[in-house]
Amino acid sequence: MTHLKYILLTLITCLALSSCSNEDESVNYKPEPSPFSVKVNENTTVGAAATQITATITAGTDGWWIDVPTGSWCGFNAAVTSYTIYGSGNKTITIYIAANKTGESRTQTVTFHPTFGLAPVTVTIKQGA
């Protein structure tokens, strides 16, 4: 009789646990990306003097990264050091532009990459001679 109670108690416990699923078939648990956009707050065509422009990233809570090619005359600090910068959410980024002493106009692309495989946004900066 004690064996039967043990088996019955085990069976009831297993049934109770299997019915307590937290999965709801009607809910999609896959995260959805936030809308991603980049708005440059100044003109991207600048004169030969050193200057800076800002870009406002709208990404909700998603992550992003920004590429400026190594050796570029654009960067993320006053020394115009180019590197990849990472972040998440909404943020305003300053892009520093070195003085153009080459005597020729030049163009540089800065690429903003959102997460979730969304298409990157490119900003082209043109600097006069």
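Biologist: In which sense do E5 and strand E7 pair, and over how many bridges?
Modeller: E5 and strand E7 (residues 91-97) are antiparallel, with two bridges. Strands pair here if DSSP finds at least two bridges between them. A strand is a DSSP run of E, at least two residues, numbered from the N terminus.

Biologist: What's the source?
Modeller: This is a predicted model: local features need pLDDT of at least 70, side-chain atom pairs count only at pLDDT 80 or more, and totals for chains, interfaces and linings use all residues. Residues are numbered from 1 along each chain as its sequence is written, and side-chain values use heavy atoms, without hydrogens and water.

Biologist: Which residue stands opposite Gly-75 in E7?
Modeller: Tyr-96.

Biologist: What is the strand order in that open sheet of four strands?
Modeller: E1-E3-E7-E5, with antiparallel pairing. Strand E1 (37-40) and strand E5 (74-75) are the edges, each pairing on one side only.

Biologist: And the open sheet of five strands, what's its order?
Modeller: E2-E9-E8-E4-E6, and the pairing is mixed. Its edges are strand E2 (45-46) and strand E6 (85-88).

Biologist: How many bridges join strand E4 to E6?
Modeller: Four, antiparallel, with E4 spanning residues 63-67. Ile-66 has Ile-85 as its bridge partner in E6.

Biologist: New topic. Which residues line the largest cavity?
Modeller: Among them are Phe-36, Asp-62, Gly-63 and Leu-118. A cavity is a set of points on a 1 Å grid over the protein atoms alone where a 1.4 Å probe fits but cannot get out; lining residues have an atom within 4 Å of a point.

Biologist: What volume does the largest cavity have?
Modeller: About 30 Å³, taken as the space filled by probe spheres set on the points, which are joined across faces, edges and corners.

Key
1 Å grid on protein atoms, 1.4 Å probe; cavity = no way out; pocket = protein on both sides within 12 Å on 5 of 7 lines; lining within 4 Å.
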